[in-house]
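Student: I have a model open and would like to go through it. Can you start with the terms?

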Amino acid sequence: MPPNLLARSLALVFALSAVGCGAARQIAHDDTGGAILLQGQRAEAMKEARQIMVEHCRGPYQIVEELEQSEDRWRIRYRCGATRANPD
């Protein structure tokens with residue numbers, strides 16, 4: 001395969017693999033909550049993160065912090081338990 005064709009083929013494979021890809025990975029946790037790293041497509045990664053949080057907390061959780069670390073990378077910190085209402 002000619003070098004230009006190989007380079008184009010590889011670029012196409014990488015571009016197609018990036019479409020619709022998002023991942024979540026637990027990076028810290030204890031009895032009260034934890035932190036999750038999101039990479040790639042944020043919406044897809046958040047779906048996976050929600051599953052991780054529900055499983056870890058055995059139910060309700062509250063996201064307490066969201067930090068964008070780069071263009072396609074975020075850090076979510078969460079606490080287990082029901083969301084507290086404002087005492088108004």
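Tutor: Two strands pair if DSSP finds at least two bridges between them. Helices (H or I, at least four residues) and strands (E, at least two) are DSSP runs, numbered from the N terminus. With that in place, the bridge partner of Leu37 in β4 is Arg75.

Student: What kind of model is this, and how are the residues numbered?

Tutor: The model is predicted, so local features need pLDDT of at least 70 and side-chain atom pairs count only at pLDDT 80 or more, while totals for chains, interfaces and linings use all residues. Residues are numbered from 1 along each chain as its sequence is written, and side-chain values use heavy atoms, with hydrogens and water left out.

Student: What is the mean pLDDT?

Tutor: The protein has a mean pLDDT of 83, and 70% of its residues reach 70 or more. pLDDT is the predictor's confidence in each residue, from 0 to 100. Over residues 11-18 it is below 50. That stretch has zero contacts in the model beyond near neighbours in sequence, contact meaning heavy atoms within 4.5 Å.

Student: OK, the fold. How many helices and strands?

Tutor: Two helices and four strands. Along the sequence the pattern reads α-β-β-α-β-β.

Student: In what order do the strands sit in the sheet?

Tutor: The order is β1-β2-β4-β3, in an open sheet with antiparallel pairing. β1 (22-29) and β3 (61-70) are the edge strands, each pairing on one side only. From one strand to the next, the twist averages 20°.

Student: And what packs on the sheet?

Tutor: Helix α2 (residues 42-57) does, touching β1, β2, β3 and β4. Its direction makes about 35° with that of β1. Axes here are lines fitted to C-alpha atoms, for helices over the stretch in contact, and angles run from 0 to 180 degrees between N-to-C directions.

Student: Back to the strands. How many bridges join β2 to β4?

Tutor: Seven, between β2 (residues 33-40) and β4 (residues 73-80), which run antiparallel. Seven bridges also join β1 to β2, again antiparallel. β1 and β2 form a hairpin with three residues between them. In β2, Gly34 is the bridge partner of His29.
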